[in-house]
Amino acid sequence: MKALNRIVERACREPKRIVLCEGEDERVLQAAVKAARAGIARILLVGRRQAMVDVAADRGLDLTGIELLDPADSPLSEPLATALHELRRRKGMTREQADAAVREPLCFANLLVREGYADGSVAGAVNTTADVVRTAIQVLGLAPGCRLVSSFFLMMLCQPFHSLKGGLIFSDCGLVIDPDAKELAEIALAAADSAEALLGEEPRVAMLSFSTSGSARHGSVEKVVQAAREVKARRPALAIDEDVQLDAAIVAEIAERKLPESRVKGNANVLIFPDLEAGNIGYKLAERIGGAEAIGPLLQGLAKPANDLSRGCSVDDIYHVIAVTGVQAQAAEARHTAGA
């Protein structure tokens with residue numbers, strides 16, 4: 001079974017409340033209806049109520065079972081504004097500014113998640129990545145123990161011609177431009193958690209470089225090595241290779257020759273790129289030449305799930321990100337319960 005199908009199935013087993021704040025966009029409406037009918041999530045749509053109803057009617061979409069929320073008349077707007085003011089007043093936000101901010105669907109949606117009315121949010125079909133990420137950080141904050149919000153792509157290799165099968169986590173390919181060693185360690189730790197939550201596998205992390213096990217000396221290699229050693233210090237049980245070239249990370253025979261002591265053994269399911277330039281090139285090569293399906297960019301390191309979309313996204317893209325967000329919410333709830 002495709003890894004993506006497993007994620008959809010897991011989302012269906014325990015559907016979470018996922019809020020979409022771009023409810024006037026036709027693609028978002030279609031994806032919302034599809035998700036609700038498939039049972040992968042309980043959908044909340046945020047926008048101007050009449051506009052959402054009109055677009056749905058024009059496209060023949062049945063919104064039965066989907067909750068429509070308009071910040072202009074929602075009874076939740078006042079308590080959400082109170083919560084936002086309390087959260088941001090030390091940053092200089094006045095109550096009047098909080099009232100105005102809550103009328104913005106993106107802020108309203110993230111506050112729904114923060115205050116427990118929803119379990120996760122999806123945006124970016126209309127809003128920019130900068131706005132999506134900034135609002136998520138300001139409203140939701142960082143997860144306990146996390147010092148950085150980063151992104152990842154869920155790369156699906158499920159075609160008959162793929163010699164490497166299943167899902168892989170590529171990080172960071174969309175957000176942190178030039179991480180230092182400590183930031184790269186944060187990205188690796190978060191990506192390992194993403195692999196465990198979404199792939200249902202023990203994470204096996206490869207810290208990618210043009211060097212394998214010290215075969216080259218350079219400042220960029222040293223950064224990767226330092227990051228890997230910090231990860232090992234913080235999570236000793238995690239299987240991770242330090243500086244490793246891509247072939248040794250994903251080909252067992254090459255790993256056996258180059259890294260005989262490796263715990264990953266050429267079977268990495270988490271690929272950590274040294275910077276955004278490499279990550280962006282890497283995922284696009286895998287997608288465009290390698291025929292992988294790329295889901296993302298998805299966010300990691302937040303206190304509660306909030307994910308970004310490309311403004312060129314399709315209905316299926318949105319549907320799959322809804323499913324991913326639901327599974328992330330399941331994992332967050334499980335962690336919270338275990339820590340309680």
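**Note on the predicted model**

1. Glu186 is buried, with a relative accessible area of 7%. The model is a predicted one. Glu186 sits in helix α8, which covers residues 181-199. Its side chain makes a polar contact of 2.7 Å with the side chain of Arg234. Beyond its neighbours within four places in sequence, Glu186 also touches Gly145, Cys146, Arg147 and Leu148, among others.

2. Next, the sheet. It is open and has 6 strands, in the order β8-β7-β9-β6-β5-β10. The pairing is mixed. Which strands stand at the edges? They are β8 (239-244) and β10 (293-300). Each has a single partner strand, so one side of each is left without a neighbour in the sheet. From one strand to the next, the twist averages 20°.

3. Two helices pack on this sheet. Helix α1 (residues 3-13) touches β5 (150-157), β6 (166-171) and β10. The direction of α1 makes about 115° with that of β5. Helix α8, the one that holds Glu186, touches β5, β6, β7, β9 and β10. Its direction makes about 160° with that of β6.

4. Strand β7 deserves a look from both sides. Strands of a sheet pair through backbone hydrogen bonds, either parallel or antiparallel. β7 (residues 204-208) runs parallel to β9 (residues 270-272), and 3 bridges join the two. β7 also pairs with β8 in the parallel sense, over 5 bridges. In β8, the bridge partner of Ala206 is Asp241.

5. Helix α4 (residues 77-88) packs against helix α6 (residues 105-114). The angle is about 85°, and the axes lie 10 Å apart. The two helices are therefore roughly perpendicular to each other. From α4, the residues that meet α6 are Ser77, Leu80, Leu84 and Leu87. From α6, they are Cys107, Phe108, Leu111, Leu112 and Arg114. By class, this contact has 7 nonpolar, 1 polar and 1 charged residues.

6. Asp119 lies in the loop between α6 and β4 (120-123). Why does Asp119 count as buried? Its relative accessible area is 19%, and buried means under 20%. Gly326 is 207 residues away along the chain, but the C-alpha atoms of Asp119 and Gly326 are separated by 7.6 Å. Leaving aside neighbours within four places in sequence, Asp119 is in contact with Lys16, Arg17, Val113, Pro305 and Ala329.

7. Last, Asn307. Its place is in strand β11 (residues 306-308). At 1% relative accessibility, Asn307 counts as buried. Which side chain does the side chain of Asn307 join in a polar contact of 2.9 Å? That of Thr325. Not counting residues up to four places away in sequence, Asn307 touches a set of residues that includes Ser121, Val122 and Ala123, as well as Val132. Leu298 and Leu299 are also among them, as are Val321, Val324 and Gln328.

Note on methods
Residues are numbered from 1 along each chain as its sequence is written. This is a predicted model: local features need pLDDT of at least 70, side-chain atom pairs count only at pLDDT 80 or more; totals for chains, interfaces and linings use all residues. Side-chain values use heavy atoms; hydrogens and water are left out. Helices (H or I, at least four residues) and strands (E, at least two) are DSSP runs, numbered from the N terminus. Buried means under 20% relative accessible area, exposed over 50%, partly exposed in between (1.4 Å probe, protein chains only). A polar contact is a pair of N or O atoms within 3.5 Å; within protein, one must be able to donate a hydrogen and the other to accept it, and residues adjacent in sequence count only if both atoms are side-chain atoms. Contact means heavy atoms within 4.5 Å. Two strands pair if DSSP finds at least two bridges between them. Axes are lines fitted to C-alpha atoms, for helices over the stretch in contact, and angles run from 0 to 180 degrees between N-to-C directions. Angles under 35 degrees count as roughly parallel, over 145 as roughly antiparallel, 65 to 115 as roughly perpendicular and the rest as oblique. Ala, Val, Leu, Ile, Met, Phe, Trp, Tyr, Cys and Pro count as nonpolar, Asp, Glu, Lys and Arg as charged, and the others, Gly among them, as polar.
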